[in-house]
Amino acid sequence: MGLYSSWRGSQSPSGLVSDFPIVALLALTLRSELISQTIYLNDTSPTLYFEVTKPIPVPKTKPCSQLILQHDFAYTYGKPPVFANYSPPSDCPSQNFSKIVLEWKATSKGRQFDRIFGVWLSGVELLRSCTAEPRTNGIVWSVEKDITRYYSLLQKNQTLAVYLGNLIDSTYTGVYHVNISFHFYPAEASLHSYDQNVDNLASGYHSWADLILPISRNLPLTDGLWLEIENSTDTELKEFEIPQNAYRAVLEVYVSFHENDEFWYANPTNEYIAANNLTGTAGNGPFREVVVSLDGVIVGAVWPFTVVYTGGINPLLWRPITGIGSYDLPSYDIEITPFLGNILDGKSHKIGFNVTNALNVWYIDANLHIWLDKHSTRTEAQLVKHTSLPLAVSLVSDFEGLNGTFVTRASRSVSSTGWVKSSNGNITTQSIQDFSYINKMVMGNDGNLQTVDQNIHFNDTVLIETPYSYVHSLRSNKTFPLYLYTDFLEQEDKTYLLVTNVDLGFIEKRSASGGSRLLDSSLRNLQNAEGNMVVKNNLVVSGVGNTQQVYRYHGGQFCYFRNVSSSNYTILHDEVESTCHRKAKSNFDFGLRRLWPFGTGFI
């Protein structure tokens with residue numbers, strides 16, 4: 001998945017093309033040439049790769065664990081997903097679980113591209129992820145994901161499906177050896193299963209959904225179950241029907257971007273491409289959004305986090321510390337409870353997805369979480385108000401030849417209000433989404449140097465008014481900062497120096513109020529990676545990748561802090577704390593203050 005390349009396993013382009021922007025030059029060199037030229041070290045044991053994230057809080061009870069699937073993914077591209085039968089744990093002393101964890105463990109050895117993959121349970125996606133790129137001496141990595149929100153699905157026999165499209169030939173030899181396990185943690189006697197943290201409260205009025213419907217493609221397939229968006233006019237639809245006693249509905253959306261849009265945030269404008277007669281350069285500018293509709297009406301949007309996959313930009317940057325979200329791509333919730341009045345008629349309806357300015361290809365699917373009234377066979381509902389302001393986009397560009405500056409701004413707002421009458425009473429729900437975006441792009445050195453300075457603000461608010469005039473609220477305020485610097489320097493003897501610097505941030509504040517309870521959490525996850533490579537005759541002859549990451553989560557009674565840095569596979573510093581401090585620690589032990597382009601306001 002290097003710059004503008006296909007994860008599908010297409011072989012590397014050959015040769016360097018002059019007068020291309022730097023992103024296109026990297027596309028032609030980094031993707032396969034680095035991966036096929038291993039930077040050899042003396043160690044022989046497998047290297048542990050990892051994504052920095054907080055551990056999953058689990059009760060002190062002993063988990064009931066099941067190995068669900070064990071498989072070697074060799075030549076699997078263009079073949080059906082791998083299936084396994086799933087049954088709920090029957091030999092566990094308790095069937096009341098407060099936490100359920102999916103664990104993915106994998107090893108690989110040799111040479112291989114990074115591969116996007118998905119894990120589905122009867123069409124409901126549980127995990128979207130990217131494989132690590134192996135080494136000659138081998139690698140090992142794991143992903144743990146809290147899947148408790150799928151509780152109702154996990155109580156019944158299901159079919160697990162995994163699609164990981166891999167290619168094996170004489171050059172790309174890495175087979176992915178995978179184990180998938182589920183761990184069920186019985187609830188502690190003194191702890192209610194819902195009284196864990198803000199994440200649980202924000203996910204469903206103290207409980208998990210009673211029904212989860214897949215908004216994905218139907219089997220049989222020779223690909224993943226995701227829907228594919230190939231251009232800006234492409235809309236993918238999925239029909240569904242919900243029970244007539246539903247009182248809440250949340251759409252959980254999974255998104256990943258590939259091929260010509262893998263680095264959409266660095267795509268130049270079509271005007272720039274045409275003026276410079278560039279061919280083979282992905283365009284449509286640097287703004288993208290996923291628009292979600294219900295029976296043709298926009299109900300929400302996703303402005304996605306800029307995940308950089310393990311082979312992206314400069315693969316040396318992500319070894320062993322991988323890019324934020326690359327092992328566990330985020331999903332995004334859209335509250336569609338206000339629209340229940342339009343779909344409680346016992347008929348089929350359609351959820352649609354399209355991507356503004358899209359190039360091929362985007363993989364999108366969703367899970368529709370439904371809460372059911374156990375004391376009624378039918379609820380009543382009505383949409384009271386819905387406002388979806390048109391997308392506002394502006395572009396200011398100033399360029400001459402291959403050099404210039406481009407500033408793109410965008411904003412959108414979606415708001416809806418509706419009531420539902422059930423055995424819980426008449427409850428009014430208001431859902432508000434507000435988005436803002438800015439991308440400042442500079443092209444220099446005749447298109448061989450590019451900088452991207454981007455910021456996305458993604459705010460969700462859900463207000464719930466009960467019959468007793470209590471107002472419950474769920475709020476999520478996300479900020480996704482990105483800074484990208486790439487420079488292509490031509491030297492003597494057909495030698496080139498490629499210099500890269502990437503800053504990523506995933507910042508979120510969440511709060512949930514329920515009656516007299518108020519819970520909040522904050523996450524500040526910042527990453528700086530910088531590296532360079534010397535390329536001669538299209539082969540990488542030397543290179544270095546340095547990465548530092550500072551992760552801070554504060555969730556009231558549970559906190560987690562980690563400051564870790566690496567250089568060329570070696571961990572230089574690793575500091576971990578799990579104590580909640582009133583005054584935050586400094587994040588800048590290794591110079592992140594100097595490198596982070598947004599100043600200390602984000603820390």
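At 4% relative accessibility, Phe435 falls in the buried class. In this predicted model, Phe435 belongs to strand E22, which spans residues 425-444. Its ring is stacked with that of Trp303, because the two centres are 4.8 Å apart and the planes meet at 25°, below the 30 degrees under which a pair counts as stacked. The pair connects distant parts of the chain, as Trp303 is located in the loop between E15 and E16 and the two residues are 132 positions apart. Trp303 is likewise classed as buried, with a relative accessibility of 0%.

Trp303 and Phe435 also take part in a cluster held together by ring pairs. Across the whole structure, the search returned 31 aromatic pairs. One of them is formed by Phe257 and Tyr309, whose ring centres are separated by 6.1 Å and whose planes make an angle of 45°, a tilted arrangement. Phe257 is part of strand E13 (residues 246-257), whereas Tyr309 lies in the loop that runs between strand E15 (297-302) and strand E16 (331-335); the pair therefore ties together parts of the chain 52 residues apart in sequence. Both Phe257 and Tyr309 are buried.

Aromatic rings are also approached by charged side chains. The charged end of Lys54 is positioned over the ring of Tyr553, at 4.6 Å from the ring centre. In a second case, Arg248 lies over the face of Trp371, with a distance of 4.7 Å to the centre of the ring.

In general, most residues other than glycine have a negative phi, and most peptide bonds are trans. A cis peptide bond is present between Leu219 and Pro220, with omega at about 5°. Pro220 is situated in the loop that connects strand E10 (211-215) with strand E11 (227-229). A cis peptide bond also joins Asn360 to Val361, where omega is about 10°. Val361 is placed in the loop between strand E17 (349-356) and strand E18 (362-372).

With a relative accessible area of 12%, Glu259 is buried. Lys494, also not a glycine, has a phi of about 55°. Lys494 lies in the loop between strand E24 (471-490) and strand E25 (495-514), and its relative accessible area of 62% makes this residue exposed.

Confidence in the model was considered residue by residue. The average pLDDT of the protein is 88, and 86% of the residues reach a score of at least 70. Residues 27-41 have a pLDDT that stays under 50, and the model gives this stretch 53 contacts beyond four places in sequence. The pLDDT is also below 50 over residues 191-205, a stretch with 40 contacts in the model beyond near neighbours in sequence. Where pLDDT is low, the predicted coordinates should not be read in detail.

Definitions and conventions: Residues are numbered from 1 along each chain as its sequence is written. This is a predicted model: local features need pLDDT of at least 70, side-chain atom pairs count only at pLDDT 80 or more; totals for chains, interfaces and linings use all residues. Side-chain values use heavy atoms; hydrogens and water are left out. Rings of Phe, Tyr and Trp (its six-membered ring) pair if their centres lie within 6.5 Å; planes under 30 degrees apart count as stacked, over 60 as edge-to-face and the rest as tilted. Helices (H or I, at least four residues) and strands (E, at least two) are DSSP runs, numbered from the N terminus. Buried means under 20% relative accessible area, exposed over 50%, partly exposed in between (1.4 Å probe, protein chains only). A charge sits over a ring if NZ of Lys or CZ of Arg is within 6 Å of the ring centre and within 35 degrees of the ring normal. pLDDT is the predictor's confidence in each residue, from 0 to 100. Contact means heavy atoms within 4.5 Å.
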